[in-house]
Structure formats: C-alpha cells, structure tokens
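Reader: Please take a close look at one part of this model. I would like to know how that part packs and what faces it across the chains.

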Amino acid sequence: MGAPSIPKDNSAQIARRREDERKANVASGRSAIDQQFLPFNDSYFGNIETSYNDFYQPQLEDQYNDTRRKAILNLADSGQLNASSGARSLGDLAENYQKNRVLIGDRGISAGNKARADVERNKSDLYAQNRSAADPSAASSSALARAGTLQAPPTYDPLGNVFADFISNIGTGISAERAGYKGLNTGLFNNQSGSAKVIS
Amino acid sequence: MCDATMIAGMAMSGLGQAYNSKQMAKNQKRMVGARNDAATAEFGRQDKYQNEAQGYFADSVDSFDKSTQDAGLEEQKQIRTEKLENSLAAPNEYAPTPSSSPSIVNTEIARKINDAMKSGKKTAQGLGNMGAWGDHQYNNQVALGNTDRFLGDVTTNANRSLGLLPLEQQVASSNASKSPNMIGDLLSMAGQGTAMYGMTGGDMFSGFGGSGLKGLGKSSGGVMYNPMKPSSYTKIVT
C-alpha cells in the first residue's frame, strides 16, 4: 500500500510563463510603436524646415523687393541713386536681406527640431504606457491616435516688417548728410567734421 | 520476561526510528536542494539582466568619449551651416544704374554685392556653429533617453523576475518533498510490539531450534500475541 499521490504544484511555472508573456507583449508593443513612428524620420523633419522656409522666405523677399523699390525712389529723389552712396545704401539693404534669410533658415531648423522633440516625447510616453499596460494592441492604437495628432499642420505667424527702419531712415539719412549732418555717414559729401555748421 | 525478545523489539524500534530520521533528512536535503536550484536559476537570470544593462550603460558612456563627441558636433556644424548657407539668395543686380554711371559707382556696386554675400555666409557659419551645439546636445539627450528606456525595461524585467523567486522556491521545495514511506513506522511498531511481548514474558526465539525468525509471531502455545488485544495472550507454561 503506497501513500496517496499529491498533485504537483504548477503555480510558479504558471507565474513564470505569465511573466515571459508580459515581456513578449512589451517587446511586441515596442515594435508596434516603432512601426507607427517610422514616418517621422529625417525626411519628415526636413519637410518641416522646408515648409517653414517656404512660408517665410517669400514674405521676406516681398518685403525686400518692396523696400528696395522705395529706397531706389528715395535715392533717385535725393539725386543719390547714381552715386556710390546710393550703391552703398542699397548694398546694406541687400546685406540685411541676406542675414534675415539666414535667420529664417535658422528658425526653420529650430521648427524641425521642435517637431522632433515633440515626437520623441510622445514616443517616450507611449513606451511608458506600453510597459504599464503590457498590451501590444492597446499600445498600437494609442500610437495611431498620437501619430494622427502629430501630422496636423503647424501654425505660422506672419513675418513682421523687417526693413521698416531701413526705408524710413534711408531718405532722411541721405538728405541730412547732404545738408551737412552725420546722416548715414557715407562720407560722400565731404563734410567737415565737427558739430559746427554754417548755414548760408 | 524474555530479555532477548525485548532487546530484539527495542532494536527493531530503534531501527525503524533511524530509518525514519534518515528518510526525513533525505527529504529535507531534497527540499533545500530544490530551493537552492530555484535561487540559482533566478540568479542566472539576474546575471543576464545585469549584463544586458551593463551593455547599455557601456554604450552610453562610450558615446561620450571626447573624440566621438567632437565628431558628432562637427557633423552637426556641417549640417546646420550647409542648410543655412542654402538659405542665402543668389546675388543679383540691385541698383538700376544707367549705362552712363561712373566706374566708381559700378565698382562700389560690385563690392557691396560681394560684401552682402560674404556677410550672409559669415552669418550662416556663425549661426551654424552656434546652433550645432544645441543640435548635438539634443541628439545626446535623445540617446540618453533611449538608454534610460532600455535600462528601465531591464530593471522592470529583473525586478519582476526576482519577485517570482519566493514563490518558485516555495513550490520547488514543496514539489521536492516526498511523503515518507511506512517502512520505518511499521518497523518501529513491530519493534514496540515485540518489546512488549518480551516484557510480558514472551519469547520469540523459543521453540524454533535457534532458527531465528522461523515461525515468528507464534508463541509456543500456538497463539499469536496481539498488542491491541491483550486477551489474545496465552501464558506459556514452561
């Protein structure tokens, strides 16, 4: 007569299997998230930079052309267009224009970087959720929802008047210099230095 | 009262107890061994997790090697500067001067065009170099964030695995335990019975011609002694 057989306790084995399944679910969820975020690559963020430039550079160009036209009229009106001083003034405007083009390009890169940071942050949030939930299907649907939000177009403010000071000053500056004041300090009028001024 | 029967009974009882003790010790050894095996298996898993985490950490630290960081910064400088230089507009005619303009004016025009382009390029390089630092640091942050995430996963897995150890040890120990067989108990009981038989004057060895256990359990009176039933005892008349 033998002792009655006691059934084997499988609870630890079950717990271990469940833990392995959880790990597999986390890995699967991570893959789902990575898959959803594949479109957010260098090309995507490069397009944001391009979009930013496409929006702001033409505005700057329009302002530049407008300012240049007014400056030419002012210079012609003051008789300085066909002179070195006029060339210098317009050259300064062109230099200002180029610098502003670079600044807009820089902000375009920043816009791309901001988008990249937003995407990374959302991705991190989803990874954390995935770890908590350990449910790949839930993680995937959440990733889809966030991906939809990220693809919404960004809002742009219009460009301010970049050359406002230049156009208001150029005419009066040249005129003042011709009249003997410092003006734009082009040196064209061979004025005597000093504060004395003989008014005829 | 027979000393030989009593001694034999006590010996049998002692043997039974010794057998039981040995079985219990063997059982304890199996249970402890199973607990140790479970712990060893878990420590093996923990070692793997530790190696994995150390790998992520080593990669992260290596990425901050000065030459690697310098190369990364230089790359960002080139990328950003190139983008900014591409923002510059192509030089064009900017002053509608008549053909009769003096050469000094035309020279000034050419010089200012050149200056504007140079200045724009210089601005692009300056901004590129300055902004590259931020880009590079951002890339570092992203890389550190990824490493944090990997380490977080490893830590979670390691903690959860370690959390299963007490249960695994308990179950392994329980499963390794075997119910003691009844040999020791039977031997002990038989020994006690024999000893009592001897104490009451029974002689297990008489009438068998020294043949020992032949006819064991039967008194010379032909009645078997039942310890649970004292009335079954028949006094042997010698």
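Author: What follows describes a helix pair and then the contact between the chains.

This is a predicted model, in which local features need pLDDT of at least 70 and side-chain atom pairs count only at pLDDT 80 or more, while totals for chains, interfaces and linings use all residues. Residues are numbered from 1 along each chain as its sequence is written, and chains are lettered from A and ligands numbered from 1 in the order in which they are written.

In chain A, helix 2 (residues 42-77) packs with helix 3 (residues 84-133) at an angle of about 165 degrees, their axes being 8 Å apart. Helices here are DSSP runs (H or I, at least four residues), numbered from the N terminus. Axes are lines fitted to C-alpha atoms over the stretch in contact, and angles run from 0 to 180 degrees between N-to-C directions. Helix 2 and helix 3 of chain A are therefore roughly antiparallel, a term for angles over 145 degrees. The residues of their contact comprise 15 nonpolar, 10 polar and 5 charged. Nonpolar means Ala, Val, Leu, Ile, Met, Phe, Trp, Tyr, Cys and Pro, charged means Asp, Glu, Lys and Arg, and the others, Gly among them, are polar.

Between the chains, 37 residues of chain A are in contact with 44 residues of chain B (C-beta atoms, placed from the backbone, within 7 Å). On the chain A side, helix 1 (11-36), helix 2 and helix 3 each give two or more residues. Helix 3 of chain A gives the most, with 22 residues. By class, this side of chain A has 14 nonpolar, 10 polar and 13 charged residues.

Conventions:
Angles under 35 degrees count as roughly parallel, over 145 as roughly antiparallel, 65 to 115 as roughly perpendicular and the rest as oblique. Two residues are in contact if their C-beta atoms, placed from the backbone, lie within 7 Å.
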